[in-house]
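Hi,

Here is the structure I promised to pass on. Please have a look at it first, and then read my notes below.

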Amino acid sequence: MNLWSRIWNSSIGMKMIMGLTGLALVLFTIVHMLGNLQLFLGPHALNRYASFLQNLGELLWLMRGGLLILFVLHVICAIRVTYLNRVARPVRYRRAAQVQLGLAPRTLIYTGVLVFIFLGYHLAHFTLGATDPSFKELHDSLGRHDVHSMVAKGFGDPRAAWSYMIAMILLGYHLSHGIPNLFQSVGWNHPKYQPVLKRWGAILAILIVIGNISMPLAVQLGLVRVVAGGH
Ligand code: HEM
């Protein structure tokens, strides 16, 4: 058996990849959120940041490719771990183990699927402008893509704003249990650290939820508006 098929058939190997890719995705989510929070600094700050990313050119495509690989690996390993655990355990033991683990880890696969669906909608919404083609035509007075107006317009629609807020709560739920789990998956599972990881996983997840929800909520409350000229 070669190395890949050994990893593919081992629930520990799959969990390890899931944990490492999960960690990288958490870091992306934090950086993405911090960048997006410049929405509150006004059009100039957010549009400058967005145009900096756009101007990365090939490097941006490399980062997008890396991100896609991380997502795909994370999802494949999640499905594989769920499958390997199902076939490896007799039903009664599985139920007992699930009860012991509590509701949360069992629901990781479901909240994960919902977050994945959100991501498809999110990319169609802001990256492709598929829900409103005018999003891609918005430019500020410096000729940059007016991402501030796009986000303000996008979240001006209550259906979009509320979909994001609900999705962020699901993401928070996924992360609050995924973060402590991922340390366990990569082998950092000393019982002494478990309560600390659980607490900090939950705190980090709550901060990510608050940060992300603050944007659609602020637009809905009229605190962030489309600025004419976008600059
Ligand atoms: C309220 C929360 C969020 C806002 C306001 C937001 C905003 C944006 C915007 C404006 C873009 C498009 C950038 C552009 O093409 O100019 C984008 C892209 C993206 N977002 Fe978000 N985002 C949010 C939450 C999330 C979350 C929670 C995730 C992941 C779990 C995520 C993952 C992505 C990805 C993967 C891209 C594509 C990046 C690229 O291709 O360059 N976003 N986001």
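This is a predicted model: local features need pLDDT of at least 70, side-chain atom pairs count only at pLDDT 80 or more; totals for chains, interfaces and linings use all residues.

Along the principal axes, its C-alpha atoms fill a box of roughly 65 × 40 × 30 Å.

With α4, the axes come within 8 Å and cross at roughly 145°, and the crossing is left-handed. On the α2 side, the contact is made by S11, M14, K15, I17, M18, T21, G22, A24, L25 and F28. From α4 come L67, L70, L73, H74, C77, A78, R80, V81, L84, N85 and A88. Sorted by class, this contact holds 14 nonpolar, 5 polar and 2 charged residues.

T29, I30, M33 and N36 of α2 meet I208, G211, N212 and M215 of α9. The classes in the contact of α2 with α9 are 4 nonpolar, 4 polar and no charged residues.

Next, α8. Its 28 residues should span 40 Å at 1.5 Å a residue, and the end C-alpha atoms are 39 Å apart, so the two figures agree. Even so, α8 has a kink of about 30° at G178, shortly before the proline P180. Just after α8, you will find G187 with a positive phi of about 100°.

Finally, the ligand. Which residues come nearest to the ligand? Of the 19 residues around it, they are N36, F126, T127, N212 and M215. The elements that give two or more residues to this shell are α2 (11-36), α4 (58-88), α6 (103-127), α7 (147-154), α8 (158-185) and α9 (194-220). The most come from α6, with 5 residues. By class, the shell around the ligand divides into 11 nonpolar, 7 polar and 1 charged. If you want a link back to the helix pairs, N36, N212 and M215 are among the residues where α2 meets α9, and they are also among those nearest the ligand.

Enjoy looking around, and write back whenever you like.

Best wishes

Key: Residues are numbered from 1 along each chain as its sequence is written. A residue is near a molecule or strand if its C-beta atom, placed from the backbone, lies within 6 Å of it. Helices (H or I, at least four residues) and strands (E, at least two) are DSSP runs, numbered from the N terminus. Ala, Val, Leu, Ile, Met, Phe, Trp, Tyr, Cys and Pro count as nonpolar, Asp, Glu, Lys and Arg as charged, and the others, Gly among them, as polar. Axes are lines fitted to C-alpha atoms, for helices over the stretch in contact, and angles run from 0 to 180 degrees between N-to-C directions. A crossing is left-handed if the near helix is turned anticlockwise from the far one by less than a right angle, and right-handed if clockwise. Two residues are in contact if their C-beta atoms, placed from the backbone, lie within 7 Å. The expected span of a helix is 1.5 Å times one less than its number of residues. The bend at a residue is the angle between axes fitted to the seven residues ending there and the seven starting there.
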